[in-house]
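Here is a short report on one protein model. Keep the sequence and the 3D view open as you read.

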Amino acid sequence: FGAPKVVIKNCTITQCSKDGIYIGYDVTQQAACGEVLVTQNNVSECHRSGITLQGFRSVVCTHNIITDIYEGSIDLEVDDKTADNQGVNAIIAFNSLGITNQTNRANKNQQRIDVANQETGGDATSNVVLMGNTVYDYWGTVDTSRSDPLSMINIDTDNCRVTVQGNVCRTNAVTDSATGLININGGRYIQTGGNFVEYFGSSTSDSGSYGVLGGIVVTSSPNDYIAIGNDRIAGNIDRAVWLRNCDSVKVEGAIIKTNTAALAGVYTDTCTNVIINDCIIDEAGRAVYVKDTTTLLLQDSVLTPNSYNIEWNGTNTYAKAKNIITSKYSNLSAWATSTSYSVGDRVRRAAFVWRATTAHTSSASDRPGDSSGWATYWTMEGFSEAANSTISDISAQIPSCGGFPENVTGVRPSRLT
């Protein structure tokens, strides 16, 4: 507590009733610890956290092995109740964290790495780097009654700058909680990059189709200025990248390969100013699902989903897509006049896939997208196979919002250029 310099190295710590290692604030002296190094320790089977870092000015926590902890492997608390603990710097790097003991496993490790601030408003002068950590949770037999882990890396801060880079997060423990294996819950100036996130268990959960709800989840306000870049997300994950209540988010260079029954590769819900760029999204039910999102740009990506390339829902404005290459529906026939179409039949026209909602024999008056009566017979379902297919390819053919398909209600064609 409050020591100016601290080094904890080469210790074996096990079966503590609370934390294995605790760095805290000296209330009597009104002082945080100064420079802290925690390295090359082996911490296991503690009943609270493996390592708690709560009162410090600068800390490096690296090359530790932390296993079978009941509440969290590393608990990092920035801006902890005092001005003396603001403007801190923390590096958490190259640690091995997770579950190895197959017995007595209940309530272990709700979060492996937890970064949080304790004061409302947070501290915009603190900096945190999470790099190169291996975070794992392997059960010989998947226990579907468990709700853990809630997340493997959890960031719950208001303002401090956080970088999450090059970490490996892998689990086969089932959870239906609306959190991610990497979970960013309220924060600003946060970036991820080069992380490998995977649920490698079977498709077993309450839904019966996926193991976990989220891969990388950004949720709650404030969530501003978030960059998600070059992450690899795989396995039975319902929403590989899930953005909720966010402003100014960029998803770039992500490689996503999920369960064919998954809801979406990238899912945006009630967001503003979103860019999805240079991504590869494979097998998800929908490559991109856009809900109640204002100002979205999808570009320079390859989409090969199981169902829809892109689905719009709710209120979406100023949405644009360009240079999208897709393979779904590649064998569909082009729309043709004087052809009998049944409900559910799909056709290609103007770089889009259209699904028949009413049985009819086609004519110029119901041609998808630009005829007087097409909305009675067709709804737009996604992109067809075509390099450089863009929404603006058909925007000039659609005279008003009233003529747009029901599943893109609110999109303004005049802005799709």
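A patch is built from residues with over 30% relative accessible area and no salt bridge; like charges are joined within 9 Å, and nonpolar side chains (Val, Leu, Ile, Met, Phe, Trp, Tyr) within 5 Å. A salt bridge is a side-chain nitrogen of Lys or Arg within 4 Å of a carboxyl oxygen of Asp or Glu. Accessible areas come from the Shrake-Rupley method with a 1.4 Å probe, and for residues only the protein chains shown count as cover.

The model is predicted: local features need pLDDT of at least 70, side-chain atom pairs count only at pLDDT 80 or more, and totals for chains, interfaces and linings use all residues. Residues are numbered from 1 along each chain as its sequence is written, and side-chain values use heavy atoms, without hydrogens and water.

**Surface patch**

I255, I280, V302 and I325 make up a nonpolar patch on the surface. Together they have about 300 Å² of accessible area. V302 belongs to strand β29 (residues 294-304). Strands (E, at least two residues) are DSSP runs, numbered from the N terminus. V302 counts as partly exposed because its relative accessibility is 34%. On this scale, buried is under 20% relative accessible area, exposed is over 50%, and partly exposed is in between (1.4 Å probe, protein chains only).

**Parallel strands**

Two strands pair if DSSP finds at least two bridges between them. Strand β21 (residues 232-235) runs parallel to strand β19 (residues 196-199), with four bridges joining them. Here R232 is the bridge partner of F196. β21 also pairs in the parallel sense with strand β24 (residues 255-258), again over four bridges. G235 stands opposite T258 in β24.

**Aromatic rings**

Rings of Phe, Tyr and Trp (its six-membered ring) pair if their centres lie within 6.5 Å; planes under 30 degrees apart are stacked, over 60 edge-to-face, and the rest tilted. The count comes to five aromatic pairs. Two of them are listed here.

| Pair | Centre to centre | Angle between planes | Type |
|---|---|---|---|
| W242 and Y267 | 6.1 Å | 90 degrees | edge-to-face |
| Y341 and W378 | 5.2 Å | 75 degrees | edge-to-face |

Y341 is in strand β32 (residues 340-341) and W378 in strand β36 (residues 378-383), 37 residues apart. Both Y341 and W378 are buried.

W242 and Y267 are buried too. Ring pairs also link W242, Y267 and Y289 into a cluster.

What sits over the ring of W242? The charged end of R239 does, 4.3 Å from the ring centre. The charged end of R244 also sits over this ring, at 4.4 Å. The rule asks for NZ of Lys or CZ of Arg within 6 Å of the ring centre and within 35 degrees of the ring normal.
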